[in-house]
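Biologist: I'm new to this one and would like to learn how to read it. Could you walk me through a few features?

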Amino acid sequence: MGVAVVTAGKVPVSYVLRRLTQTVLVLWAAFTLSFVILYLLPGDAVLTKLGSAEGGITADPEELAAIRAEYGMDEPVLVQYLDRLFAALTGDFGTSVTTGETATHMVVSALPSTLAIAVPALVLAIVIGGGVALLGTYTRQRWLGQLLLSLPPLGISLPPFWVGLLLIQLFSFELRLLPAMGAEGISSVILPSVTLALPVGAIVAQVLAKSLATQQAQPYVDVVAAKGASRVRVHIGHVLRNAAVPALTLAGVVTGNLLAGSVVTETVFSRDGIGRVTADAVTAQDIPVVQAVIVLAAAVFVLINLIVDLVYPVLDPRIAHTPAAGPAKERIHA
Amino acid sequence: MPDTVIGSARSRGRNRPLWHAPGLVLSLFVLVIVVSWALVPNWWTTHDPVTGVPAERLLGPSSAHLFGTDETGRDVFARVVHGAALSLQATVIAVLVALVAGSLLGLVAGYRGGWADSAIMRVVDVLLAIPSILLSLALVTALGFGTTNVAIAVGVSRIADFARLMRAETLRVRSSVYVEAARVSGLRWPGVLTRHVLPNAFGPVLVLGVLTFGTAVLEVSALSFLGFGAMPPAPEWGSLVSSGRGFLATAWWLTTFPGLAIAAVVLAGNRVARAIDRETEHQ
């Protein structure tokens, strides 16, 4: 494939520009959607919350008007929208109504704590999910294959918050091996990471197993086997190699799932992090913080998809960038 | 569950009597039981789900209290049975919101084309870019808490899937020869949509609805676990798990059994959905 990689693997500049524009547009739309949901949908219900969070119940119309003015809500909707959009461009999503900190600072400072469980969870998900898929499609023992490949649907069906609580019961209270909560030392990372890894690993296993099964049915497998390659070599060197590249388009979904899963996981294990900040912000109806998290999640998703789309043709030179080729998520959800 | 093997099982699963798939039979059985919990809870338990017996606090599972009792002496089994109505209702609302709103958007996008199509599909792109639970959380922030709002929020976060499917189906039917024939014979577009597009797209959309059922149960219960669903003492499944959190060390049954109910329903729903999906794929 050597020569082909160099010539066909180049990404045309026009394609890069088009994908960049697309990315920016989706981000802008994500901001707009979150603005519509959070600032326009409820009207005075949220305004009352904003007021009561500042102290006192504000049923009195004069006070309501004062709060409206303070948050710029007496302006026409379009002015409010543009104000917030330009502020967001500079990374300013407003001030949290509960802590008084900027929403951006709250989210950014919570990031390391979430990464501390999300990175091990990702590694676990890939190793175990990938292992299950590889072994499940490799084995010739029918019962073993069926057993292994029935695990991903099981993993997707279990409520993560329940799994986390069962793990606490078993490992913290029965066996007294690991702490049930907190963030001190490596041992406190293990249970949250496992909890977070379960649904993600299940998705990785499911998609990879399907991709592997598709590749196993290709004629080249028989050719390689006929030429004398061992089964392991066929499976790892050829089938996996071809199956892994399509599975790469899952990267954006996996990252999104890790971020989304942190909400429940960090609540179950009483850990700080983006998920906890989100859950607390929703409880307090702290709109600026919720919006910052939503836009961050969308940004991470579109950026990862952008990177995958740009790297994809280098890894798989058969993919040509014709105008018909859609963004990565077209392939994931198809 | 012998039919869970990806790919190779496709051909074996066809045209076999139901009892050859014990996993599927068990799943249907679970769903029938849970639906009967929701419809006629009094067939299953005589205990009061809201008022407890103070003398019977935190008792372990026994024949009198199948799932044990909680810190105020309420029977946990009675709470799970009575909670089925709340949780299933929320799930059904969520699936309906996603199905109806998504299908309408997809229909308009596919049928109108042009700028309407572009605008709707860009919104769908954005909905797909935000993890569904975060999107539901944003909606719950705006709409306020409660079972119905949680259900609507979960439904809205699933609109994108239905819109994409319906759009694809509409485009497929639209370009077919018989629709062209119907157009030439003078049938207007509204007629084409109701007489040809909708009946043809209904099958796949319904399958997606069943597939969404499991995810919707999980998301509704996650949001109610986080405390955004029904107010206590309403026995919603997610909040049952959450309220047992304080007794993990002493009363394992408080979290284990309600969670088991959620897991069983999701597993059963997904198993049935896979079977329906496989059946319709053959047609």
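**Reading contacts, burial and packing**

Biologist: Leaving aside its neighbours within four places in sequence, which residues is A151(B) in contact with?

Modeller: Two residues are in contact if their C-beta atoms, placed from the backbone, lie within 7 Å. With neighbours up to four places away left out, A151(B) is in contact with A90(B), I93(B), A94(B) and V220(B). Before we go on: this is a predicted model, where local features need pLDDT of at least 70, side-chain atom pairs count only at pLDDT 80 or more, and totals for chains, interfaces and linings use all residues. Residues are numbered from 1 along each chain as its sequence is written, while chains are lettered from A and ligands numbered from 1 in the order in which they are written.

Biologist: Where does A151(B) sit, and is A151(B) buried or exposed?

Modeller: Look in helix α6 of chain B, residues 147-157. Helices (H or I, at least four residues) and strands (E, at least two) are DSSP runs, numbered from the N terminus. A residue is buried if 20 or more other C-beta atoms lie within 10 Å of its own, exposed if 12 or fewer, and partly exposed in between. A151(B) has 27 such atoms within 10 Å, so A151(B) is buried.

Biologist: How does P232(B) compare with those cut-offs?

Modeller: P232(B) counts as partly exposed because 13 C-beta neighbours lie inside 10 Å. You'll find P232(B) in the loop between α9 and α10 (237-243) of chain B. Not counting residues up to four places away, P232(B) touches S239(B) and S243(B).

Biologist: What about a whole helix, say α9(A), and how many residues does it have?

Modeller: Helix α9 of chain A has 15 residues, 160-174. The expected span is 1.5 Å times one less than the number of residues, so α9(A) should span 21 Å, and its end C-alpha atoms, 20 Å apart, agree with that. Among its buried residues are F161(A), W162(A) and L165(A). After α9(A) comes R176(A), with a positive phi near 55 degrees.

Biologist: How do I describe two helices packed together?

Modeller: Two packed helices are described by the angle between their axes and the distance between the axes. Axes are lines fitted to C-alpha atoms, for helices over the stretch in contact, and angles run from 0 to 180 degrees between N-to-C directions. Here, the axes of α9(A) and α10(A), residues 187-216, come within 9 Å and cross at roughly 145 degrees. From α9(A), the contact includes V163(A), L167(A) and F171(A), and from α10(A), it includes L191(A), V194(A) and L198(A).

Biologist: And which residues have the most contacts inside the largest nonpolar core?

Modeller: In general, nonpolar side chains tend to be buried together in soluble globular proteins. A nonpolar core is a set of buried Ala, Val, Leu, Ile, Met, Phe, Trp, Tyr and Cys residues joined through C-beta atoms within 7 Å. The largest one here has 163 residues, and those with the most contacts inside it are A30(A), V290(A), V293(A), I294(A), I130(B), L134(B) and A138(B). Helix α3 of chain B (residues 76-112) gives the largest share, 18 residues.

Biologist: How many residues do the two chains bring together?

Modeller: 45 residues of chain B are in contact with 52 of chain A. α5(B) gives the most to chain B's side, with nine residues.
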